[in-house]
Amino acid sequence: MKVVTFLKQLFIVWTVGTATIPISYLGFGVGIGDSILLSFGTAALTAIFFVFKSARIAYKDPYREELAYIKHQAREARKQLKVISSSRFKLKSIHMWTELSKLYRVGKSIVDMVEKEPARYKSVQPFFTNYLQATVTVIERYVFLLSKPTKSIDVKESIHEAENVIHELSTQYDQLLNSALSQDVLSLDVEMKVLKQHFQNEEEYAPINRMK
């Protein structure tokens, strides 16, 4: 694609430069020598225009495309989180209602964080690309099996396995969020230590009030 674009630009530069000669010579009465020089100048300016245009696209587009991709992922994630949220109210088990509520709460925190700070996307990328869609698939199948009036041994085993998977996914959500926040926790600890040291120094060097 880049080669084709380069060839097109080269053709345009050559065409513009060549066309300048008869236009300046016949149309404006410029001498043939000056017309040739003018054609070189026009071709050079056209080439410079394409160089600056390519540089501007190369500089701006990657970040813009990445940002648009992250925003798209966040929007899609919110749709899937709504499925998790609505599925809670189809369950009779308090324990599983709690598990799904935790999944929804932690997942929402991750999406909120990424929407506020897109640069954090890479630290929680597995949530968007691996875990969330799998979570929705498992939950939908789990709710479907629970809705059946009669359950065979195989169905009961599948239900039990789905509950275990949901619990494991909840653990993975926690680990991802905690990992993403670890740097914030470290920075906060450093700031608090500095402040505590500052307070201790102030107390140590505070003037002593004496009764006159």
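Is F128 buried or exposed? F128 counts as buried, at 9% relative accessibility, where buried means under 20% relative accessible area, exposed over 50%, and partly exposed in between (1.4 Å probe, protein chains only). Here are some notes to go with the model.

1. **Ground rules.** This is a predicted model, in which local features need pLDDT of at least 70 and side-chain atom pairs count only at pLDDT 80 or more, while totals for chains, interfaces and linings use all residues. Residues are numbered from 1 along each chain as its sequence is written, and side-chain values use heavy atoms, with hydrogens and water left out.

2. **Overall fold.** The chain has five helices and zero strands, and its elements run α-α-α-α-α from the N terminus on. Helices (H or I, at least four residues) and strands (E, at least two) are DSSP runs, numbered from the N terminus. Of the 212 residues in the chain, 25% are buried. Among contacts with a separation of 6 or more, 67% are between residues 24 or more positions apart; contact means heavy atoms within 4.5 Å.

3. **Surface.** Accessible areas come from the Shrake-Rupley method with a 1.4 Å probe; for residues, only the protein chains shown count as cover.

4. **Aromatic pairs.** There are four aromatic pairs in the structure. Rings of Phe, Tyr and Trp (its six-membered ring) pair if their centres lie within 6.5 Å; planes under 30 degrees apart count as stacked, over 60 as edge-to-face and the rest as tilted. One of these pairs is Y69 with Y121, which is edge-to-face, with 6.1 Å from centre to centre and 85° between the planes. This pair links distant parts of the chain: Y69 belongs to helix 2 (residues 32-87), whereas Y121 is in the loop between helix 3 (94-116) and helix 4 (125-146), 52 residues apart. Y69 is partly exposed at 39% relative accessible area, while Y121 is buried at 4%.

5. **Back to F128.** Y121 also pairs with F128, this time in a tilted arrangement, at 5.2 Å centre to centre and with 40° between the planes. Ring pairs join Y69, Y121, F127, F128 and Y173 into a cluster.

6. **A charge over a ring.** What lies over the face of Y104? The answer is R88, at 5.2 Å from the ring centre. A charge sits over a ring if NZ of Lys or CZ of Arg is within 6 Å of the ring centre and within 35 degrees of the ring normal.

7. **Salt bridges around R78.** A salt bridge is a side-chain nitrogen of Lys or Arg within 4 Å of a carboxyl oxygen of Asp or Glu, and by this rule the count comes to six. R78 and D112 meet through their side chains in one of them, at 2.3 Å from N to O. Here too, distant parts of the chain are linked, with R78 in helix 2 and D112 in helix 3, 34 residues apart. R78 also forms a salt bridge with E115, where the closest N and O atoms are 2.8 Å apart. R78 is partly exposed, at 25% relative accessible area, as are D112 at 30% and E115 at 41%.

8. E117 is partly exposed, with a relative accessible area of 36%, whereas R120 is buried at 15%. Salt bridges that share partners join R78, K108, D112 and E115 into one network.

9. **A nonpolar patch.** F11, I12 and W14 make a nonpolar surface patch of about 370 Å². Patches are made of residues with over 30% relative accessible area and no salt bridge: like charges are joined within 9 Å, nonpolar side chains (Val, Leu, Ile, Met, Phe, Trp, Tyr) within 5 Å. I12 is found in helix 1 (residues 2-27) and is partly exposed, at 38% relative accessibility.

10. **S170.** Which residues does S170 touch, leaving aside its neighbours within four places in sequence? S170 is in contact with E99, K102 and L103. This serine is in helix 5 (residues 153-204) and is buried, with a relative accessible area of 3%.
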